Amino acid sequence: MDAAGFVRSLQQAAFGPFMGVPCSVFTPLIDHLGTLPADRHYVCTSEGEAMGLAGGFALAGRTPVVYMQNDGLGNAVNPLTSLQLLYRLPALLLVSWRGEPGRKDAPQHRVMGERLTGLLEQLQVPHLVLETGVDVLERALQEARAYCAAQSAPFALIVRRGYFAAAGAPAAAGGSGGAGPAPRLDYIRLLTAAAAPGDVLLGATGFSGRELQQYTEHPGRFYMMGSMGCLPALGLGLADSHPGRTVFVLDGDGALLMKLGSLATIGRRRPANLVHLLFDNQAYESTGGQPTPAAGIDFCALARTCGYPSQESVADPHSFRALLGTLADRPKPLFVHVRVPCGTPAGLPRPEQPPERMRDDLMSFLG
Ligand SMILES: Cc1ncc(C[n+]2csc(CCOP(=O)(O)OP(=O)(O)O)c2C)c(N)n1
(Lines give C-alpha, C1' and ligand atoms only; values in the text may rest on other atoms or scores of the structure.)
Protein backbone atom coordinates (compact mmCIF):
# COMPACT_ATOMS: atom_id res chain seq x y z
CA MET A 1 0.00 0.00 0.00
CA ASP A 2 1.26 3.42 -0.97
CA ALA A 3 1.56 5.57 2.16
CA ALA A 4 0.56 8.85 0.49
CA GLY A 5 -2.56 7.25 -1.01
CA PHE A 6 -3.40 5.68 2.34
CA VAL A 7 -3.21 9.05 4.11
CA ARG A 8 -5.28 10.67 1.37
CA SER A 9 -8.00 8.03 1.76
CA LEU A 10 -8.12 8.56 5.52
CA GLN A 11 -8.27 12.33 5.16
CA GLN A 12 -11.02 12.06 2.55
CA ALA A 13 -12.97 9.94 5.01
CA ALA A 14 -12.55 12.84 7.49
CA PHE A 15 -10.08 11.08 9.79
CA GLY A 16 -7.28 13.08 11.34
CA PRO A 17 -5.01 14.46 12.61
CA PHE A 18 -2.45 11.63 13.02
CA MET A 19 -0.44 10.78 16.13
CA GLY A 20 1.39 7.87 17.68
CA VAL A 21 4.63 6.11 18.50
CA PRO A 22 6.56 4.44 15.69
CA CYS A 23 6.65 0.78 14.76
CA SER A 24 8.74 -0.33 11.77
CA VAL A 25 5.52 -1.61 10.16
CA PHE A 26 4.53 2.05 9.80
CA THR A 27 7.88 3.47 8.66
CA PRO A 28 6.74 4.46 5.12
CA LEU A 29 3.52 5.88 6.59
CA ILE A 30 5.32 7.94 9.24
CA ASP A 31 7.88 9.13 6.69
CA HIS A 32 5.00 10.47 4.63
CA LEU A 33 3.22 11.95 7.65
CA GLY A 34 6.45 13.79 8.41
CA THR A 35 5.89 15.85 5.27
CA LEU A 36 2.53 17.16 6.54
CA PRO A 37 2.15 20.44 8.45
CA ALA A 38 2.96 20.12 12.17
CA ASP A 39 -0.68 20.33 13.26
CA ARG A 40 -1.62 17.24 11.22
CA HIS A 41 0.92 14.80 12.62
CA TYR A 42 2.35 14.39 16.14
CA VAL A 43 5.10 11.90 17.02
CA CYS A 44 4.36 11.13 20.66
CA THR A 45 6.48 9.76 23.51
CA SER A 46 4.06 7.01 24.53
CA GLU A 47 0.93 5.44 23.16
CA GLY A 48 -0.97 6.46 26.28
CA GLU A 49 -0.01 10.05 25.67
CA ALA A 50 -1.16 9.69 22.05
CA MET A 51 -4.55 8.52 23.30
CA GLY A 52 -4.77 11.60 25.52
CA LEU A 53 -3.94 13.81 22.56
CA ALA A 54 -6.57 11.98 20.51
CA GLY A 55 -9.08 12.65 23.28
CA GLY A 56 -8.45 16.37 22.93
CA PHE A 57 -9.08 16.28 19.19
CA ALA A 58 -12.21 14.17 19.67
CA LEU A 59 -13.58 16.71 22.14
CA ALA A 60 -13.02 19.28 19.40
CA GLY A 61 -15.29 17.22 17.14
CA ARG A 62 -12.64 15.39 15.13
CA THR A 63 -11.88 11.70 14.63
CA PRO A 64 -8.12 11.41 15.16
CA VAL A 65 -5.91 8.55 13.96
CA VAL A 66 -3.57 6.91 16.48
CA TYR A 67 -0.91 4.54 15.17
CA MET A 68 0.92 2.21 17.51
CA GLN A 69 2.81 -1.05 17.68
CA ASN A 70 0.68 -3.77 19.28
CA ASP A 71 3.22 -3.76 22.12
CA GLY A 72 2.19 -0.15 22.67
CA LEU A 73 -1.48 -1.11 22.90
CA GLY A 74 -0.58 -2.03 26.48
CA ASN A 75 0.33 1.59 27.15
CA ALA A 76 -2.85 2.76 25.43
CA VAL A 77 -5.23 0.53 27.39
CA ASN A 78 -5.45 2.86 30.37
CA PRO A 79 -6.71 5.95 28.49
CA LEU A 80 -8.61 3.73 26.07
CA THR A 81 -10.69 2.35 28.94
CA SER A 82 -10.97 5.43 31.14
CA LEU A 83 -11.00 8.15 28.49
CA GLN A 84 -12.18 7.04 25.04
CA LEU A 85 -14.53 4.26 26.19
CA LEU A 86 -15.71 6.10 29.29
CA TYR A 87 -16.46 9.47 27.71
CA ARG A 88 -17.35 7.94 24.33
CA LEU A 89 -14.71 9.67 22.23
CA PRO A 90 -14.09 8.31 18.72
CA ALA A 91 -10.70 7.51 17.23
CA LEU A 92 -9.31 5.35 14.47
CA LEU A 93 -6.57 3.10 15.85
CA LEU A 94 -3.93 1.69 13.51
CA VAL A 95 -2.36 -1.19 15.41
CA SER A 96 0.54 -3.13 13.92
CA TRP A 97 0.53 -6.90 14.25
CA ARG A 98 4.01 -7.85 15.35
CA GLY A 99 4.27 -11.44 16.51
CA GLU A 100 1.34 -12.56 14.37
CA PRO A 101 0.91 -16.30 14.94
CA GLY A 102 2.50 -18.31 12.15
CA ARG A 103 4.91 -15.55 11.11
CA LYS A 104 8.50 -15.35 12.30
CA ASP A 105 9.20 -12.28 14.40
CA ALA A 106 11.35 -11.12 17.31
CA PRO A 107 10.53 -12.93 20.58
CA GLN A 108 9.32 -9.86 22.47
CA HIS A 109 6.26 -9.72 20.23
CA ARG A 110 5.06 -13.27 20.80
CA VAL A 111 2.78 -12.79 23.81
CA MET A 112 1.03 -9.66 22.54
CA GLY A 113 0.95 -11.03 18.99
CA GLU A 114 -1.05 -14.04 20.18
CA ARG A 115 -3.41 -11.99 22.29
CA LEU A 116 -3.98 -8.91 20.15
CA THR A 117 -7.38 -9.71 18.70
CA GLY A 118 -8.59 -11.26 21.97
CA LEU A 119 -7.56 -8.14 23.86
CA LEU A 120 -9.45 -5.88 21.47
CA GLU A 121 -12.47 -8.14 21.78
CA GLN A 122 -12.23 -8.02 25.55
CA LEU A 123 -12.11 -4.23 25.37
CA GLN A 124 -15.08 -4.28 22.97
CA VAL A 125 -13.15 -2.30 20.39
CA PRO A 126 -14.34 -3.47 16.95
CA HIS A 127 -11.46 -4.23 14.65
CA LEU A 128 -10.54 -5.76 11.37
CA VAL A 129 -7.30 -6.94 9.84
CA LEU A 130 -6.45 -4.72 6.91
CA GLU A 131 -5.82 -6.74 3.76
CA THR A 132 -4.02 -5.02 0.88
CA GLY A 133 -5.88 -3.17 -1.84
CA VAL A 134 -7.42 0.26 -2.22
CA ASP A 135 -10.98 -1.12 -2.38
CA VAL A 136 -10.43 -3.05 0.84
CA LEU A 137 -9.17 0.11 2.52
CA GLU A 138 -12.14 2.16 1.30
CA ARG A 139 -14.59 -0.42 2.65
CA ALA A 140 -12.74 -0.62 5.97
CA LEU A 141 -12.82 3.15 6.29
CA GLN A 142 -16.54 3.25 5.56
CA GLU A 143 -17.14 0.71 8.29
CA ALA A 144 -14.90 2.56 10.73
CA ARG A 145 -16.46 5.92 9.92
CA ALA A 146 -19.99 4.54 10.39
CA TYR A 147 -19.04 2.95 13.72
CA CYS A 148 -17.25 6.05 15.04
CA ALA A 149 -20.25 8.21 14.09
CA ALA A 150 -22.92 5.87 15.46
CA GLN A 151 -21.14 4.75 18.65
CA SER A 152 -18.81 7.69 19.27
CA ALA A 153 -16.05 5.22 20.20
CA PRO A 154 -12.76 3.89 18.81
CA PHE A 155 -12.43 1.45 15.91
CA ALA A 156 -9.19 -0.41 15.20
CA LEU A 157 -7.51 -1.47 11.97
CA ILE A 158 -4.86 -4.15 12.45
CA VAL A 159 -1.93 -3.68 10.09
CA ARG A 160 0.33 -6.59 9.19
CA ARG A 161 4.05 -6.43 8.53
CA GLY A 162 4.70 -5.55 4.92
CA TYR A 163 1.39 -3.75 4.42
CA PHE A 164 3.04 -0.44 3.57
CA ALA A 165 6.12 -1.93 1.95
CA ALA A 166 4.18 -4.00 -0.56
CA ALA A 167 3.51 -1.27 -3.11
CA GLY A 168 6.98 0.17 -3.43
CA ALA A 169 8.78 1.75 -0.53
CA PRO A 170 11.00 -0.86 1.11
CA ALA A 171 10.38 -1.36 4.82
CA ALA A 172 13.12 0.80 6.33
CA ALA A 173 15.19 -0.36 9.26
CA GLY A 174 12.70 -2.80 10.71
CA GLY A 175 15.30 -3.14 13.35
CA SER A 176 17.76 -4.87 11.05
CA GLY A 177 20.40 -2.16 11.05
CA GLY A 178 21.93 -0.11 8.26
CA ALA A 179 25.44 0.31 6.90
CA GLY A 180 28.07 2.82 7.95
CA PRO A 181 29.75 3.89 11.16
CA ALA A 182 28.44 2.63 14.50
CA PRO A 183 29.14 5.47 16.91
CA ARG A 184 27.05 4.08 19.80
CA LEU A 185 28.82 0.73 19.55
CA ASP A 186 32.20 2.47 19.93
CA TYR A 187 31.02 3.77 23.31
CA ILE A 188 29.51 0.43 24.31
CA ARG A 189 32.81 -1.31 23.56
CA LEU A 190 34.72 1.22 25.65
CA LEU A 191 32.30 0.69 28.48
CA THR A 192 32.39 -3.10 28.45
CA ALA A 193 36.19 -3.03 28.31
CA ALA A 194 36.33 -0.72 31.34
CA ALA A 195 33.59 -2.41 33.39
CA ALA A 196 34.66 -4.66 36.26
CA PRO A 197 33.87 -8.37 35.81
CA GLY A 198 31.17 -8.20 38.49
CA ASP A 199 29.36 -5.20 37.01
CA VAL A 200 25.95 -5.49 35.40
CA LEU A 201 25.28 -3.92 31.99
CA LEU A 202 21.67 -3.56 30.92
CA GLY A 203 20.66 -2.62 27.38
CA ALA A 204 17.30 -1.10 26.44
CA THR A 205 14.84 -1.91 23.68
CA GLY A 206 16.29 -0.41 20.55
CA PHE A 207 19.82 -0.55 19.27
CA SER A 208 21.73 -0.01 22.52
CA GLY A 209 20.48 -3.35 23.86
CA ARG A 210 21.00 -5.21 20.62
CA GLU A 211 24.51 -3.90 20.15
CA LEU A 212 25.38 -4.75 23.75
CA GLN A 213 24.03 -8.27 23.31
CA GLN A 214 25.50 -8.99 19.90
CA TYR A 215 28.89 -7.35 20.01
CA THR A 216 30.16 -7.64 23.56
CA GLU A 217 31.17 -10.55 25.72
CA HIS A 218 30.73 -9.11 29.21
CA PRO A 219 29.19 -11.87 31.38
CA GLY A 220 26.91 -9.46 33.24
CA ARG A 221 25.12 -8.05 30.22
CA PHE A 222 21.38 -8.28 29.72
CA TYR A 223 19.24 -7.13 26.79
CA MET A 224 15.70 -6.11 27.73
CA MET A 225 14.01 -6.67 24.38
CA GLY A 226 10.55 -5.21 24.95
CA SER A 227 9.02 -3.22 27.81
CA MET A 228 10.11 0.03 26.21
CA GLY A 229 11.06 2.63 28.82
CA CYS A 230 11.18 0.19 31.75
CA LEU A 231 14.93 -0.42 31.82
CA PRO A 232 15.95 2.32 34.31
CA ALA A 233 13.40 0.99 36.80
CA LEU A 234 14.58 -2.58 36.24
CA GLY A 235 18.13 -1.30 36.81
CA LEU A 236 17.07 0.29 40.09
CA GLY A 237 15.60 -3.01 41.28
CA LEU A 238 18.83 -4.82 40.48
CA ALA A 239 21.05 -2.08 41.91
CA ASP A 240 19.21 -2.07 45.23
CA SER A 241 19.35 -5.87 45.36
CA HIS A 242 23.09 -6.02 44.58
CA PRO A 243 24.69 -3.05 46.30
CA GLY A 244 28.16 -4.54 45.75
CA ARG A 245 27.88 -4.33 41.97
CA THR A 246 27.74 -1.30 39.72
CA VAL A 247 24.70 -1.44 37.46
CA PHE A 248 24.95 0.36 34.11
CA VAL A 249 21.69 1.22 32.36
CA LEU A 250 22.19 1.79 28.62
CA ASP A 251 19.16 3.79 27.58
CA GLY A 252 17.82 5.41 24.40
CA ASP A 253 16.19 8.84 24.21
CA GLY A 254 12.92 7.41 22.88
CA ALA A 255 12.80 4.84 25.65
CA LEU A 256 13.67 7.34 28.37
CA LEU A 257 11.07 9.82 27.14
CA MET A 258 8.44 7.08 27.19
CA LYS A 259 8.82 6.71 30.96
CA LEU A 260 10.61 9.88 31.98
CA GLY A 261 9.23 9.53 35.49
CA SER A 262 11.86 6.88 36.22
CA LEU A 263 14.37 9.73 36.55
CA ALA A 264 12.38 10.97 39.54
CA THR A 265 12.06 7.50 41.07
CA ILE A 266 15.80 6.86 40.78
CA GLY A 267 16.69 10.40 41.85
CA ARG A 268 14.61 10.02 44.98
CA ARG A 269 16.01 6.62 45.92
CA ARG A 270 19.60 7.56 44.95
CA PRO A 271 21.17 4.10 44.48
CA ALA A 272 24.90 4.55 45.10
CA ASN A 273 25.78 1.91 42.48
CA LEU A 274 23.79 2.94 39.41
CA VAL A 275 25.12 4.63 36.26
CA HIS A 276 22.48 5.73 33.78
CA LEU A 277 23.87 6.22 30.28
CA LEU A 278 21.64 7.86 27.73
CA PHE A 279 22.55 7.32 24.06
CA ASP A 280 20.74 10.28 22.64
CA ASN A 281 20.47 10.12 18.85
CA GLN A 282 17.24 12.14 18.93
CA ALA A 283 15.57 9.37 16.95
CA TYR A 284 13.59 6.19 17.24
CA GLU A 285 16.41 4.71 15.21
CA SER A 286 15.49 1.06 15.42
CA THR A 287 12.01 1.63 14.00
CA GLY A 288 13.19 3.66 11.05
CA GLY A 289 14.85 6.79 12.43
CA GLN A 290 11.76 8.91 13.10
CA PRO A 291 12.69 11.99 15.18
CA THR A 292 11.88 11.84 18.90
CA PRO A 293 11.05 15.08 20.70
CA ALA A 294 14.52 14.94 22.35
CA ALA A 295 16.01 17.84 20.39
CA GLY A 296 16.66 20.75 22.70
CA ILE A 297 16.08 18.82 25.92
CA ASP A 298 18.82 19.25 28.52
CA PHE A 299 18.72 15.71 29.90
CA CYS A 300 21.48 16.42 32.44
CA ALA A 301 19.39 19.25 33.86
CA LEU A 302 16.41 16.89 34.08
CA ALA A 303 18.50 14.29 35.91
CA ARG A 304 19.84 16.99 38.25
CA THR A 305 16.44 18.35 39.12
CA CYS A 306 15.15 14.80 39.65
CA GLY A 307 17.85 14.17 42.27
CA TYR A 308 20.80 12.51 40.52
CA PRO A 309 23.80 13.92 42.42
CA SER A 310 26.08 13.93 39.36
CA GLN A 311 25.63 14.27 35.64
CA GLU A 312 28.04 14.42 32.73
CA SER A 313 27.63 15.16 29.06
CA VAL A 314 30.05 13.61 26.59
CA ALA A 315 30.25 14.15 22.87
CA ASP A 316 33.23 12.02 21.83
CA PRO A 317 34.78 8.66 22.76
CA HIS A 318 37.92 10.34 24.07
CA SER A 319 36.08 12.22 26.82
CA PHE A 320 33.98 9.11 27.50
CA ARG A 321 37.15 7.10 28.11
CA ALA A 322 38.37 9.81 30.50
CA LEU A 323 35.04 9.74 32.34
CA LEU A 324 35.21 5.95 32.69
CA GLY A 325 38.56 6.37 34.45
CA THR A 326 36.93 8.52 37.14
CA LEU A 327 33.78 6.43 37.66
CA ALA A 328 34.73 4.99 41.03
CA ASP A 329 35.01 8.48 42.55
CA ARG A 330 31.81 9.93 41.11
CA PRO A 331 28.74 10.25 43.34
CA LYS A 332 25.92 8.02 42.15
CA PRO A 333 23.47 7.62 40.65
CA LEU A 334 25.48 9.17 37.85
CA PHE A 335 23.70 10.27 34.71
CA VAL A 336 25.77 10.34 31.51
CA HIS A 337 24.36 12.00 28.43
CA VAL A 338 26.07 10.72 25.27
CA ARG A 339 25.05 12.59 22.14
CA VAL A 340 25.45 10.19 19.20
CA PRO A 341 24.51 10.34 15.53
CA CYS A 342 22.43 7.48 14.17
CA GLY A 343 24.34 4.47 12.89
CA THR A 344 24.58 0.79 13.67
CA PRO A 345 26.57 -2.07 12.12
CA ALA A 346 25.25 -3.36 8.80
CA GLY A 347 23.11 -6.44 9.32
CA LEU A 348 22.98 -6.14 13.11
CA PRO A 349 21.52 -9.56 13.95
CA ARG A 350 18.85 -10.31 16.48
CA PRO A 351 19.84 -12.49 19.42
CA GLU A 352 19.37 -16.22 19.02
CA GLN A 353 18.97 -16.97 22.74
CA PRO A 354 15.41 -17.31 24.01
CA PRO A 355 14.44 -14.73 26.65
CA GLU A 356 14.34 -17.32 29.45
CA ARG A 357 17.93 -18.23 28.62
CA MET A 358 18.95 -14.56 28.90
CA ARG A 359 17.22 -14.44 32.27
CA ASP A 360 18.94 -17.62 33.44
CA ASP A 361 22.33 -16.35 32.29
CA LEU A 362 21.94 -13.11 34.22
CA MET A 363 20.57 -14.81 37.32
CA SER A 364 23.37 -17.35 37.45
CA PHE A 365 25.87 -14.52 36.95
CA LEU A 366 24.29 -12.69 39.87
CA GLY A 367 24.36 -15.87 41.93
C1 LIG B 1 5.48 0.32 24.06
C2 LIG B 1 6.26 0.23 22.80
N3 LIG B 1 6.01 1.12 21.82
C4 LIG B 1 6.72 1.07 20.67
C5 LIG B 1 7.67 0.12 20.49
C6 LIG B 1 8.43 0.03 19.18
N7 LIG B 1 9.83 0.43 19.35
C8 LIG B 1 10.81 -0.47 19.56
S9 LIG B 1 12.31 0.21 19.68
C10 LIG B 1 11.65 1.75 19.45
C11 LIG B 1 12.53 2.96 19.36
C12 LIG B 1 13.37 3.16 20.56
O13 LIG B 1 13.98 4.43 20.46
P14 LIG B 1 15.22 4.79 21.32
O15 LIG B 1 14.98 4.43 22.73
O16 LIG B 1 15.59 6.20 21.05
O17 LIG B 1 16.37 3.80 20.81
P18 LIG B 1 17.00 3.66 19.32
O19 LIG B 1 15.98 2.95 18.50
O20 LIG B 1 17.30 5.02 18.81
O21 LIG B 1 18.21 2.82 19.55
C22 LIG B 1 10.27 1.71 19.29
C23 LIG B 1 9.40 2.88 19.07
C24 LIG B 1 7.89 -0.79 21.54
N25 LIG B 1 8.81 -1.76 21.48
N26 LIG B 1 7.17 -0.71 22.66
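Figure 1. The side chain of glutamine 69 places an N or O atom 3.2 Å from a nitrogen atom of the ligand. A ligand nitrogen atom also lies 2.6 Å from a side-chain N or O atom of glutamate 47. An oxygen atom of the ligand is 2.9 Å from a polar backbone atom of phenylalanine 207. The protein buries 94% of the 590 Å² that the ligand exposes when taken alone. A polar contact is a pair of N or O atoms within 3.5 Å; within protein, one must be able to donate a hydrogen and the other to accept it, and residues adjacent in sequence count only if both atoms are side-chain atoms. Accessible areas come from the Shrake-Rupley method with a 1.4 Å probe; for residues, only the protein chains shown count as cover. This is a predicted model, in which local features need pLDDT of at least 70 and side-chain atom pairs count only at pLDDT 80 or more, whereas totals for chains, interfaces and linings use all residues. Residues are numbered from 1 along each chain as its sequence is written, and side-chain values use heavy atoms, with hydrogens and water left out.

**Figure 2. The shell around the ligand.** The ligand is surrounded by 23 residues, and the closest are Glu47, Phe207, Gly254, Ala255 and Ser286. A residue is near a molecule if one of its heavy atoms lies within 4 Å of it. Two or more residues of the shell come from each of helix H4 (70–87), helix H10 (253–258) and strand E11 (283–284). H10 gives the most, with four residues. Helices (H or I, at least four residues) and strands (E, at least two) are DSSP runs, numbered from the N terminus. Both domain 1 (3–159) and domain 2 (183–366) give residues to this shell, so the ligand lies between them. The domain bounds come from an automatic or database domain assignment.

**Figure 3. Two cis peptide bonds.** Glycine 16 and proline 17 are joined by a cis peptide bond with omega about 0 degrees. Proline 17 is in the loop between helix H1 (3–12) and strand E1 (18–20). A cis bond also leads from lysine 332 to proline 333, with omega near 5 degrees. Proline 333 is in the loop between helix H13 (317–325) and strand E14 (334–339).

**Figure 4. Residues with positive phi.** Most residues other than glycine have a negative phi. Alanine 14, in the loop between H1 and E1, has a positive phi near 65 degrees. Arginine 88 has a positive phi of about 60 degrees and is found in the loop between H4 and strand E4 (92–96).
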